[in-house]
Amino acid sequence: MTTEKTPSTPRPAGTSFFALAGLMLLFAVVTFGVVALLMSIYERKHEARAPFVRVAEVNEVTTDPQPWGLNWPDQYDTYLLTVDSEESEYGGSEALTASKLEEHPWLKRLYAGYAFSIDYREARGHAYMLSDQEVTKRVTERKQGGACLHCHASIIPTYRRLGLEEEGETDVTAETLAADFNWPAVMAGFKKMSTLEYADAHAEIEKTPDGTPKTPGNAHPVSCIDCHDPETMQIRVTRPGFVNGIAALAKSDDPVVHLPSIHRWRQGKRERDYDPNQDASRQEMRTFVCAQCHVEYYCANKETLFFPWGGGLKVEEIEKTYDEHKFPDGSDFYDYKHGETGAPVYKAQHPEFELWSQGIHARSGVSCADCHMPYERKGAMKVSSHNVRSPMLSVNRSCQQCHNVNENELKYRVEGIQERTKALIDRAAAAMTDMLDAIRDAKAAGATEEQLAPVYALQKKGMWRLDFISSENSKGFHASQESARILGESIDYCRQAEAMALKLRAPEAPESTEEVDEVKGITPDDKAPK
């Protein structure tokens with residue numbers, strides 16, 4: 001059998017040319033891609049080696065963040081976002097925020113006799129931290145101490161100038177202030193500023209030379225210089241109150257297991273005080289720069305501002321420190337006398353660091369910046385966002401870097417903790433107002449101050465604990481179990497005080513003379529009654 005061969009299809013002319021051209025084009029594309037990749041790698045490595053280009057000179061008196069922004073535009077751009085005008089449950093507003101006093105009328109009674117009873121608003125971004133303080137009725141209608149500028153203004157050059165003037169310097173220039181950080185002068189000026197009224201202290205900030213022509217409104221809110229070295233951009237602590245406070249904490253018996261550098265210092269020779277700028281790890285510093293201000297402290301002008309950490313960070317340890325503290329004139333310490341009862345009481349500021357220290361995130365080595373200033377990718381660099389705000393507005397970058405959980409589930413968990421905390425705050429507030437009513441009735445019925453003294457002691461304890469959690473800005477999230485414990489104690493102390501005051505108002509109950517039959521329990525040998 002013969003097999004016929006199928007004739008092959010003739011190859012079109014030019015096929016070899018097109019195939020070759022295609023191969024050359026593919027080779028060119030691959031070559032271009034490889035070259036682009038290598039160039040990108042080179043550029044990224046170069047960026048990593050030179051993370052910023054210094055186009056403007058900044059130093060120890062450059063309190064205005066704008067010149068810093070020329071050198072570090074990515075950080076500055078995010079800092080500017082703290083003027084965010086989109087209002088939400090978690091912050092942001094283009095005008096003065098809602099009044100907490102209108103939303104929670106019981107706060108007026110909690111703060112009766114204190115400036116917070118006339119004006120107390122929701123917080124806004126860092127860009128507003130000075131301007132909002134300048135216009136609050138607490139300042140415009142009441143006398144306030146200049147010490148509160150410790151956290152609301154970029155104040156370190158002013159501390160340094162006042163300190164140098166205390167030492168006898170007569171003409172302190174911007175060049176003098178920029179030459180050296182000079183901790184002794186800062187500490188001396190800090191003490192001086194703590195004695196001034198708010199208006200006088202604010203005027204001192206305006207007078208401090210910074211190398212630019214003087215114009216109205218020269219004072220700036222906390223900015224770059226307060227947390228960064230102008231030469232290296234390394235994060236640092238600059239606030240004297242924190243430096244003194246953390247040194248006292250290191251000397252205490254508080255375990256502070258979440259701060260390993262303090263444990264290392266305690267195991268050392270202790271030849272000098274604990275110094276966060278020398279002893280703390282970088283991760284600890286990412287919390288400490290925030291803890292310079294987001295803490296509990298005394299800031300009126302009866303003495304130098306101080307952080308009450310000598311006995312530890314828990315609410316009862318801080319309370320004990322206050323109980324044992326005396327003013328310089330030897331009188332007992334208190335923040336203010338309550339306007340309804342006259343009891344001396346304590347005022348909590350915003351103890352975020354103290355409450356965070358009792359929570360799971362602190363124990364896990366998570367810093368404030370990890371959640372509130374999450375990293376962003378900028379070319380080859382990993383930049384910490386300076387748009388400081390609630391993690392609930394950036395769940396992916398703030399939370400999901402550690403928690404492999406759906407975003408809605410994470411929000412649900414947070415909202416659950418905060419709703420439970422708010423419910424407990426409402427119960428504690430109800431107990432507090434009932435207590436105040438009972439004390440007022442007892443006073444009206446003729447109870448003496450001597451009789452009321454133990455009631456006042458319970459009032460102070462109950463109100464201090466309620467204020468500690470209601471003033472703390474995480475709504476219990478920083479340490480949910482600790483928040484519940486503190487609010488439970490607040491309810492208990494207020495109810496104890498209420499019961500004690502009710503007894504003072506009521507007539508003495510007569511003693512019963514009726515005999516009571518002995519009641520025996522049922523044993524296995526007894527027959528149960530039919």
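Trainee: In which loop is R270 found?
Mentor: R270 is found in the loop between α14 and α15 (276-279). Please keep in mind that this is a predicted model.

Trainee: What is there to read in the backbone at R270, and is the residue buried or partly exposed?
Mentor: Here is the general idea. Most residues other than glycine have a negative phi. In this structure, R270 has a phi near 55°, a positive value in a residue other than glycine. With 42% relative accessibility, R270 counts as partly exposed.

Trainee: Where is V256, and what is its phi near?
Mentor: V256 sits in the loop between α13 and α14 (260-267). Its phi is near 35°, again a positive value in a residue other than glycine. V256 counts as buried, because its relative accessibility is 4% and the cut-off for buried is under 20%.

Trainee: Thanks! How many helices and strands does the protein chain have?
Mentor: The chain comes to 24 helices and 4 strands. Of its 530 residues, 45% are buried.

Trainee: Now a single helix, please. Which residues of α12 are buried?
Mentor: The general idea first: an α-helix has 3.6 residues a turn, so residues three or four places apart point the same way. In α12 (residues 198-207), the buried residues are Y198, A201, H202, E204 and I205. They cover an arc of only 150° around the axis, which puts them on the same side of α12.

Trainee: What does the face of α12 turned away from the buried side carry, and what covers the buried residues?
Mentor: The face turned away carries the exposed residues A199 and K207. The cover over the buried residues of α12 includes α6 (131-135), α7 (137-140), α8 (149-152), α9 (156-166) and α11 (183-193).

Trainee: At what angle do α9 and α12 pack?
Mentor: In general, two packed helices are described by the angle between their axes and the distance between the axes. For α9 and α12 the angle is about 95°, with the axes 9 Å apart. The two helices are therefore roughly perpendicular to each other. T158, R161 and L162 of α9 meet E204, I205 and K207 of α12 in this contact. Those residues divide into 2 nonpolar, 1 polar and 3 charged.

Trainee: And how do I read α22 and α23: at roughly what angle do their axes cross?
Mentor: The axes of α22 (residues 407-444) and α23 (residues 449-471) cross at roughly 160° and come within 10 Å. These helices are therefore roughly antiparallel to each other, and their crossing is left-handed. On the α22 side the contact residues include I425, A428, M432 and L436; on the α23 side they include L452, V455, Y456 and M463. The residues of this contact divide into 14 nonpolar, 3 polar and 2 charged.

Trainee: One last stop: where does D229 lie, and what is it in contact with?
Mentor: D229 lies in the loop between α12 and α13 (240-251). Leaving aside neighbours within four places in sequence, D229 is in contact with W68, Q234 and R236. With a relative accessible area of 23%, D229 is partly exposed.

Technical notes. Residues numbered from 1 in each chain as written. Predicted model: local features only at pLDDT ≥ 70, side-chain atom pairs only at ≥ 80, totals over all residues. Heavy atoms only, no water. Buried < 20%, exposed > 50% of the residue type's maximum accessible area, 1.4 Å probe, protein only. Arc of directions from axis to C-beta. Contact = heavy atoms within 4.5 Å. Axes fitted to C-alpha atoms, helices over the stretch in contact; angles between N-to-C directions. Parallel < 35°, antiparallel > 145°, perpendicular 65-115°, else oblique. Left-handed = near helix turned anticlockwise from the far one by under 90°. Nonpolar A, V, L, I, M, F, W, Y, C, P; charged D, E, K, R; others polar.
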